[in-house]
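Dear colleague,

I am handing over the structure that we spoke about, and I would be glad if you could look through it alongside my notes.

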Amino acid sequence: MKRIRENGIDGVLGLIMFYGLGVVCLIMWVVTRFQQGWLIATVIYLVMGSFFLHTTLVGKELIWDRVLRDVSLTKETRALDVGCGHGLVMFKIAQRLPLGGHVTGIDIWRQRDQTHNSQAAVERRLAVSQLTQEAAVQTADMRQLPFAPQTFNLVVSSLAIHNVKPKAGRLQSLQELSRVLRPGGQVVLVDLGFSCQEYKKALQQLGFTDIHVTGNGLNGWWGGPWMPTLTLRATKLK
Ligand SMILES: C[S@@+](CC[C@H](N)C(=O)[O-])C[C@H]1O[C@@H](n2cnc3c(N)ncnc32)[C@H](O)[C@@H]1O
């Protein structure tokens with residue numbers, strides 16, 4: 001429960017859908033006097049819901065623990081977490097930063113994307129964790145970042161950009177992310193499979209190099225392997 005309070009649940013409607021369909025199929029199994037097909041459907045939906053729950057509560061965090069092992073965090077680091085929500089990634093970066101480094105999180109705190117997220121909640125946790133020197137949050141839309149060009153040398157985003165609709169908004173967000181990144185700066189995006197392919201193309205057009213997209217296995221399954229979470233790393237041309 002503490003984990004749900006601190007990190008929220010991503011895309012809670014998806015989770016409700018899987019478990020809801022599982023319950024409906026279970027009822028149908030009883031109503032149809034135990035027809036096997038309904039029991040199979042019940043098990044499938046409940047398993048899909050469980051994959052989803054695992055990814056949002058545990059898998060996503062394991063993905064970032066691994067991803068951040070390959071990211072250099074120094075006293076010169078100026079990082080931006082785009083769509084930080086409860087701050088899962090921002091906290092991990094802040095805890096790893098040596099004195100002098102800093103990470104900023106921005107979000108519009110949309111509840112349907114992540115339950116119970118708010119600027120006040122993140123600020124309270126930063127104070128309790130004594131990380132107010134290393135990290136700060138502010139309300140901002142990723143399509144219009146309130147920062148000067150080349151403010152950051154690291155931009156990260158976790159399962160946030162795909163929430164911007166339509167596609168033009170996501171492309172605008174990537175342009176903004178590129179604008180606030182210094183030449184030679186790194187971008188690390190963890191997001192849904194189909195979105196990462198879209199970002200790869202857009203970042204190529206924006207002049208990024210060393211673009212690598214990698215999978216994360218069942219830690220990133222939003223219901224099953226057909227909805228995976230991928231990691232994209234890229235560098236802004238110097
Ligand atoms: C699924 S949550 C992920 C939060 C966090 N990055 C994580 O991994 O736990 C997506 C977040 O993106 C935020 N978001 C959606 N559209 C946004 C926008 N246009 N600008 C900034 N944040 C946005 C939502 O409010 C939500 O907090």
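The model is a predicted one, in which local features need pLDDT of at least 70 and side-chain atom pairs count only at pLDDT 80 or more, whereas totals for chains, interfaces and linings use all residues. Residues are numbered from 1 along each chain as its sequence is written, and side-chain values use heavy atoms, with hydrogens and water left out.

The protein has seven helices and seven strands, where helices (H or I, at least four residues) and strands (E, at least two) are DSSP runs numbered from the N terminus. Read from the N terminus, the elements follow the order α-α-α-β-α-β-α-β-β-α-β-α-β-β. The C-alpha trace spans about 65 × 40 × 30 Å along its principal axes.

The seven strands form an open sheet with mixed pairing, in the order β3-β2-β1-β4-β5-β7-β6, two strands being paired if DSSP finds at least two bridges between them. At its edges are β3 (135–139) and β6 (208–215), each of which pairs on one side only. On average, neighbouring strands of this sheet are turned by 15° against each other, direction ignored; axes are lines fitted to C-alpha atoms, for helices over the stretch in contact, and angles run from 0 to 180 degrees between N-to-C directions. Strand β6 runs antiparallel to β7 (residues 229–236) and is joined to it by six bridges, and Thr-214 has Thr-231 in β7 as its bridge partner. Helix α7 (residues 193–205) packs on the sheet, touching β5 (181–192), β6 and β7 (contact means heavy atoms within 4.5 Å), and its direction makes about 160° with that of β5.

Around the ligand there are 22 residues (those with a heavy atom within 4 Å of it), of which Lys-60, Asp-107, Arg-110, Asn-117 and Ser-158 come nearest. Among the polar contacts (pairs of N or O atoms within 3.5 Å), a polar side-chain atom of Lys-60 lies 2.6 Å from an oxygen atom of the ligand, and one of Ser-158 lies 2.7 Å from a ligand oxygen atom. A polar backbone atom of Gly-83 is 2.8 Å from a nitrogen atom of the ligand.

Two backbone details deserve a look. Most residues other than glycine have a negative phi, and most peptide bonds are trans. Gln-150, in the loop between β3 and β4, has a positive phi near 60°. The peptide bond from Lys-165 to Pro-166 is cis, with omega near 0°, and Pro-166 sits in the loop between β4 and α6 (167–179).

Key:
Polar contact = N/O pair within 3.5 Å; in protein donor to acceptor, adjacent residues only side chain to side chain.
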